[in-house]
Structures are given as C-alpha cells and as structure tokens.
Amino acid sequence: MTEATGEKDAQYQRVVSKGPLPFQYIKVKLEFEDGQPRDVGESQFKALISSMVREVYGEVGCSLTSDVLKYSPKDCSAILRVTHSNAVKVWSSLTLCSSFEGEPCAFRVLQTSPHLMALAVNSRDLDV
C-alpha cells in the first residue's frame, strides 16, 4: 500500500488459483542404454511422443495434445505442455517407451509442475 493514498501497489499482486490449472508442464529426457548422445531432431522427438501415446491409447490417444515448448538436441531433453486432464496419460505412455530406431532407450521424467516457472530451476542441482 502506498501511504499517501491508501491504495494497493499494482506492481505486486497475490494470485490464488482454485482447482487445477489448465496445463501441466513436464520436463523429460530421452536416454539411451549406452549413455551416448544421439542426433534426434525436434520433429523426431515429437513424433516419438505421439507414437508412444498412440501405441498405448490407440486412435483415441491421437487426440491427446502435447506441445514441445523447448527442445535441447544436445541432451535430448524437452519441456512438454499437456492439458492437466491428459498429463497422466502422456506420462504413462512415455514410461513405456523402450526403443527409438531400433536402439534401446527410455524417457525420464525430470520435473513436472502446473507452473512453467517452476521448471526453470531444479533445487536438486543447486550448489549451496
């Protein structure tokens, strides 16, 4: 509050959300069995996610939308945006992935949050 007018300062505002937010953000990494990095493009990464959802949930799974917001080709990691109601379905589909182009691999879910900013920093990686 400003002392002179008694009005709330517009710069700081508390926001309270009730119920689930519309999206869930999932930070995932594609790891290969031998630990060596692969040259996986963003379109291949997205296609692999879509094929895993289709494999587990069939044609109904094709309607589940997932967006790749950020992709890092050097370590095959990405931030996905999925609707809150479909987050568990997409996550379960990714955990069942066992190969990419004939090579054994697995998706690792590194972080998940309804807030995108929460994925900016991982408290487990901080040096204190």
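Visitor: What pattern does the protein chain follow along the sequence?
Guide: In this predicted model, the order of elements is β-α-β-β-α-β-β.

Visitor: How many residues are in the protein chain, and what percentage of them are buried?
Guide: The protein chain has 128 residues, and buried residues make up 30% of them.

Visitor: And what share of the contacts comes from residues 24 or more positions apart?
Guide: Among contacts with a separation of 6 or more, 69% are between residues 24 or more positions apart.

Visitor: Let us turn to the core. Which residues of the largest nonpolar core touch the most other members?
Guide: They are Val28, Leu30, Phe45, Leu80 and Phe107, in a core of 24 residues. Two or more residues come from each of strand 1 (23-32), helix 1 (42-61), strand 2 (66-72), strand 3 (77-83), helix 2 (87-95) and strand 5 (103-113).

Visitor: Which element gives the most to this core?
Guide: Helix 1 does, with five residues.

Visitor: What does Val28 touch?
Guide: Leaving out residues up to four places away in sequence, Val28 touches Phe45, Leu80 and Phe107, among others. Its contacts also include Cys76, Ser77, Ala78 and Leu94, together with the run Arg108, Val109 and Leu110.

Visitor: Now the helices. At what angle do the axes of helix 1 and helix 2 cross?
Guide: The two axes cross at roughly 100° and come within 8 Å of each other. Helix 1 is therefore roughly perpendicular to helix 2.

Visitor: Which residues meet there?
Guide: Helix 1 contributes Ile49, Met52, Val53, Val56 and Tyr57, which meet Lys89, Val90, Ser92, Ser93 and Leu94 of helix 2. By class, the residues of this contact are seven nonpolar, two polar and one charged.

Visitor: On to electrostatics. How many salt bridges does a search of the whole structure find?
Guide: The search finds four salt bridges. One of them pairs Glu31 with Arg108, with 3.1 Å between the closest N and O atoms. Glu31 belongs to strand 1 and Arg108 to strand 5, so this pair ties together parts that are 77 residues apart in sequence.

Visitor: Which residue does Arg38 meet in a salt bridge?
Guide: The partner of Arg38 is Asp34, with an N to O distance of 3.0 Å. Arg38 is buried because its relative accessible area is 19% and the limit for buried is under 20%. Asp34, at 47% relative accessibility, counts as partly exposed.

Visitor: And which residue does Arg81 meet?
Guide: The side chain of Arg81 forms a salt bridge with that of Asp67, at 2.9 Å from N to O. This pair links distant parts of the chain, as Arg81 is in strand 3 and Asp67 in strand 2, 14 residues apart. Arg81 is partly exposed, with a relative accessible area of 26%, and Asp67 is partly exposed at 30% relative accessibility.

Visitor: Which residues do salt bridges that share partners join into one network?
Guide: The network consists of Asp34, Arg38 and Glu103.

Visitor: A change of topic: where is Leu21?
Guide: Leu21 lies in the segment before strand 1. At 24% relative accessibility, Leu21 is partly exposed.

Visitor: What does Leu21 touch, and how far apart are Leu21 and Thr83?
Guide: Not counting residues up to four places away in sequence, Leu21 touches His84, Pro114 and His115. Leu21 and Thr83 are 62 residues apart in sequence, and their C-alpha atoms are 8.7 Å apart in space.

Visitor: Last one. Is Gln111 buried or exposed?
Guide: Gln111, found in strand 5, is buried at 14% relative accessibility.

Visitor: With which residues is Gln111 in contact?
Guide: Aside from neighbours within four places in sequence, Gln111 is in contact with Tyr25, Ile26 and Lys27, and also with Ala118, Leu119, Val121 and Asn122.

Definitions and conventions. Residues are numbered from 1 along each chain as its sequence is written. This is a predicted model: local features need pLDDT of at least 70, side-chain atom pairs count only at pLDDT 80 or more; totals for chains, interfaces and linings use all residues. Side-chain values use heavy atoms; hydrogens and water are left out. A nonpolar core is a set of buried Ala, Val, Leu, Ile, Met, Phe, Trp, Tyr and Cys residues joined through side-chain atoms within 4.5 Å. Buried means under 20% relative accessible area, exposed over 50%, partly exposed in between (1.4 Å probe, protein chains only). Helices (H or I, at least four residues) and strands (E, at least two) are DSSP runs, numbered from the N terminus. Contact means heavy atoms within 4.5 Å. Axes are lines fitted to C-alpha atoms, for helices over the stretch in contact, and angles run from 0 to 180 degrees between N-to-C directions. Angles under 35 degrees count as roughly parallel, over 145 as roughly antiparallel, 65 to 115 as roughly perpendicular and the rest as oblique. Ala, Val, Leu, Ile, Met, Phe, Trp, Tyr, Cys and Pro count as nonpolar, Asp, Glu, Lys and Arg as charged, and the others, Gly among them, as polar.
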